[in-house]
Amino acid sequence: MTYLDHAATTPILPAVAEALTGALTTYGNASSLHTSGRLARRAVEEARETVAAALGARPSEVIFTSGGTESDNLAVKGIHWARRAKNPNRTRVLVSAVEHHAVLDAATWLAEHSGAEVVALEVDAFGRVHEDTLRAAIAEDPESVSVVSVMWANNEVGTVNPVRELAAACAAHGIPFHTDAVQAVGVLPVDFAGSGANALTVSGHKLGGPFGVGALLLGRDVPCAPVSHGGGQERDVRSGTLNVPAIVAFAEAVRVAAADRAERADRLAVLRADLVARVRAALPDAILNGDPGESTVDDGPSRLPGNAHFSFPGCEGDSLLMLLDAKGIECSTGSACTAGVAQPSHVLLAMGAEPAIARGSLRFSLGHTSTVDDVDTLVEAIGPVVARARSAGLAGMRRAKSRAAAEV
Amino acid sequence: MRVLAAMSGGVDSAVAAARAVAAGHEVVGVHLALSAKPGTLRTGSRGCCTVEDAHDARRVADLLGIPFYVWDFAERFTEDVVEDFVAEYAAGRTPNPCLKCNERIKFEALLDKAIALGFDAVCTGHYARLAQVDGRPELRRSADLGKDQSYVLASLTAEQLSHAMFPLGGSLKSDVRVEATERGLAVAEKPDSYDICFIPDGDTRGFLAGKLGERPGQLVDDETGAVLGVHAGVHGFTVGQRHGLGIDAPSADGRPRYVLALEPVSGNVRVGALEKLAVREIIATRLIWPSGRPIEGTVECVAQVRAHGGTSQATAELVDGELLVRPGDELRGVAPGQAVVLYRPDDAGDVVLGSGMIVATR
């Protein structure tokens with residue numbers, strides 16, 4: 001199997017699997033006061049310190065959650081609610097137009113059910129939010145902004161945002177800035193304190209950790225209301241019995257991700273450059289979407305090192321995906337709805353792509369298990385696959401035309 | 001063969017796919033997303049393109065061990081089936097959307113894509129028997145006459161049929177359900193779908209009113225020309241309809257009135273006595289010959305003018321490129337827009353000779 005979908009999820013790292021299985025057989029509720037409880041609590045707090053150290057945060061800023069979606073919802077809704085409770089004029093939620101649905105839909109929900117006004121921050125043709133765009137949006141009425149959320153790096157096209165500048169633009173007005181760093185951790189220099197962000201989302205399974213665990217890094221002074229209510233285990237902001245084995249394994253994954261980050265990023269960037277060059281050589285009309293990845297943003301690469309996102313004109317993404325899948329090559333067409341229907345990506349549309357072009361797109365994402373063999377396999381297959389998908393894409397149009405002519 | 005199995009999430013297409021796998025074909029399952037706004041798990045399963053149906057199809061594919069994808073044909077379906085359905089009613093005709101879906105979506109949009117992607121055939125759970133005889137397709141009624149769907153497949157060309165596969169044609173529906181249970185398919189007990197899939201509440205008149213709005217017209221006595229009432233649009237009526245005409249006063253002779261004709265330009269709906277519905281001649285165009293061979297001379301056959309019932313002994317001939325069908329028995333309620341399908345009676349399943357769209361009756 002040629003797995004080129006690390007942005008969807010990553011194979012678990014052996015050391016993480018070991019940490020997970022080792023912790024599974026221990027027992028004790030981390031909130032219990034007896035010996036077993038204390039042992040569980042100790043494992044959680046050590047994990048908290050590990051995550052904090054790896055991501056430039058203080059341990060007290062780490063809130064363990066069930067993953068990226070929960071962290072995003074907690075940040076967007078929780079900060080909005082808490083800030084608005086203090087000042088009812090704070091109704092505006094500023095999010096980039098290319099956010100993951102966990103942020104976008106949380107903000108939309110606030111608009112539909114909680115009286116918020118969502119402002120979608122425009123992006124450039126690479127999918128990047130410019131500092132000026134954010135500053136201008138804030139300046140329209142700084143007092144009315146409850147929260148700003150812009151992702152560290154885009155999950156579809158890999159473009160990295162200037163998080164430090166965006167955070168500073170918010171800080172100038174005392175507005176909390178949240179960033180979804182799910183794709184960034186492990187390949188970009190993510191430093192919570194250094195970034196100036198007030199809240200940051202990280203997910204376990206995107207970096208060789210287990211599913212169903214992640215964290216929200218939340219500054220101590222950032223007001224945040226809980227989304228679900230209960231025991232208040234995590235700073236009274238997040239309730240639920242702590243998932244000790246998952247948290248222990250997650251911490252190990254974050255530790256490895258940060259420790260090996262530079263070496264991994266360099267290796268993936270070389271592999272990715274090779275992949276892009278050879279796909280383009282095979283298919284000169286393939287369009288690489290997103291930042292070309294040749295510059296730097298905040299001292300790191302301007303594009304996720306493992307991300308290659310192409311549009312293949314005249315093709316439909318679902319045809320490409322099926323044909324590659326049949327050859328054992330696994331990739332993604334972008335966002336999918338619950339029925340599994342490929343929709344034209346909101347990210348590409350926000351970048352100004354034609355819907356037909358957006359439909360014919362594929363994301364190849366490299367990660368810790370990727371090798372040059374994977375790239376070789378893809379490069380060998382992609383030419384014939386695109387040719388075949390193109391004939392399938394054109395088949396429908398041809399039939400429609402000939403039929404119309406026959407009926408005239 | 002490389003076979004693309006269209007899987008609706010129902011029991012029939014599930015067993016059809018299972019049989020294609022069992023026959024040794026290389027099968028890939030595809031669920032067609034046809035609705036621009038698919039139902040949710042909460043709204044439950046009615047019709048044929050809810051999230052729950054996609055899930056059911058996926059679980060069958062899992063069990064069969066075949067790859068499975070959901071392909072979006074909502075745009076094509078809306079244009080070629082739903083909009084056509086509405087336009088036909090607006091024009092005073094009575095369309096059959098299932099027939100149109102087979103003709104334009106399953107065995108055109110999907111089949112074309114499948115062929116281009118390297119498949120040899122599209123497999124569905126339709127009840128009709130299909131064989132190749134001397135290199136030509138031969139389409140027959142299914143063994144289960146109660147479920148026979150040859151009428152809604154008769155508008156497929158020989159080329160389309162040569163790439164079609166209907167594994168259930170020789171089976172009874174009851175046996176298909178038993179087989180689904182034996183194969184452990186969770187959809188074995190799923191109820192049949194009867195409604196038009198894009199009108200899940202079954203309220204066709206309400207659906208059309210929503211699309212076409214009010215287009216008021218008059219109900220006119222076909223005999224006397226007297227205006228008997230008003231209506232909200234010809235799209236609310238079908239030739240042969242008796243109930244729901246909205247006429248308060250009884251007819252002069254006290255006998256029930258039926259819709260005889262729809263006149264979209266004037267907005268008139270002509271009504272009259274039952275015997276006026278009797279049709280002696282049917283004219284059809286857009287002729288399709290599933291075997292690839294048109295009829296020659298005057299042919300004795302059985303004609304069917306709607307999906308369920310409406311059959312008669314008949315003679316058929318081609319006159320100036322149009323099909324002229326003369327039913328031997330009295331056929332009533334023959335609605336323009338429906339298909340007329342000609343069958344050659346046969347003990348091994350009546351053979352489809354051809355079909356056309358009814359444009360006029362006399």
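Which helix of chain A does A:Val276 lie in? Some notes on that and on a few other spots follow.

1. A:Val276 sits in helix H9 of chain A, which takes in residues 261–282. Bear in mind while looking around that this is a predicted model. The residue is buried, because 20 C-beta neighbours fall inside 10 Å and the cut-off for that label is 20 or more. Once residues up to four places away in sequence are set aside, A:Val276 touches A:Leu288 and A:Ala308.

2. Staying in chain A, have a look at how helix H3 (residues 68–86) packs with helix H4 (residues 101–113): the angle is about 35 degrees and the axes are 9 Å apart. The crossing of H3(A) and H4(A) is right-handed. On the H3(A) side you'll find A:Gly68, A:Thr69, A:Asp72, A:Asn73, A:Val76, A:Lys77 and A:His80, and these meet A:Ala102, A:Val103, A:Ala106, A:Ala107 and A:Leu110 of H4(A). By class, the residues of this contact come out as six nonpolar, four polar and two charged.

3. Over to chain B, where the domain assignment gives two pieces: domain 1 is 2–125 + 167–189, and domain 2 is 214–277. Their C-alpha centres lie 38 Å apart. The two do touch, with five residues from domain 1 of chain B and seven residues from domain 2 of chain B taking part. On the domain 1 side of that contact there are three nonpolar and two polar residues, and no charged ones.

4. UniProt, in an unreviewed entry, lists a "binding site" in chain B; among its residues are B:Gly9, B:Gly10, B:Leu32 and B:Gly125. Let's take two glycines from that list. B:Gly9 is in the loop between strand E1 (2–6) and helix H1 (11–22) of chain B. Why is B:Gly9 called buried? Because 24 other C-beta atoms lie within 10 Å. Beyond its neighbours within four places in sequence, B:Gly9 is in contact with B:His31, B:Asp53, B:Ala54, B:Asp56, B:Ala57 and B:Val187.

5. B:Gly10 lies in the loop between E1 and H1 of chain B. B:Gly10 counts as buried because of its 22 C-beta neighbours inside 10 Å. Its contacts, again leaving out neighbours within four places in sequence, are B:Gly125, B:Val187, B:Lys190 and B:Ser193.

6. B:Cys101 is in helix H4 (residues 97–116) of chain B, whereas B:Cys197 lies in the loop between helix H7 (173–182) and helix H8 (204–212) of chain B.

7. Are these cysteines buried or exposed? B:Cys101 counts as buried, with 28 C-beta neighbours inside 10 Å. B:Cys197 is buried as well, with 21 other C-beta atoms within 10 Å. Setting aside neighbours within four places in sequence, B:Cys101 is in contact with B:Val81 and B:Lys106.

Note on methods:
Residues numbered from 1 in each chain as written. Chains lettered and ligands numbered in written order. Predicted model: local features only at pLDDT ≥ 70, side-chain atom pairs only at ≥ 80, totals over all residues. Domains from an automatic or database assignment. Nonpolar A, V, L, I, M, F, W, Y, C, P; charged D, E, K, R; others polar. UniProt positions renumbered as here; feature names shortened; annotations may be inferred. Helix = DSSP H or I, 4+ residues; strand = E, 2+ residues; numbered from the N terminus. Buried ≥ 20, exposed ≤ 12 C-beta atoms within 10 Å, placed from the backbone. Axes fitted to C-alpha atoms, helices over the stretch in contact; angles between N-to-C directions. Left-handed = near helix turned anticlockwise from the far one by under 90°.
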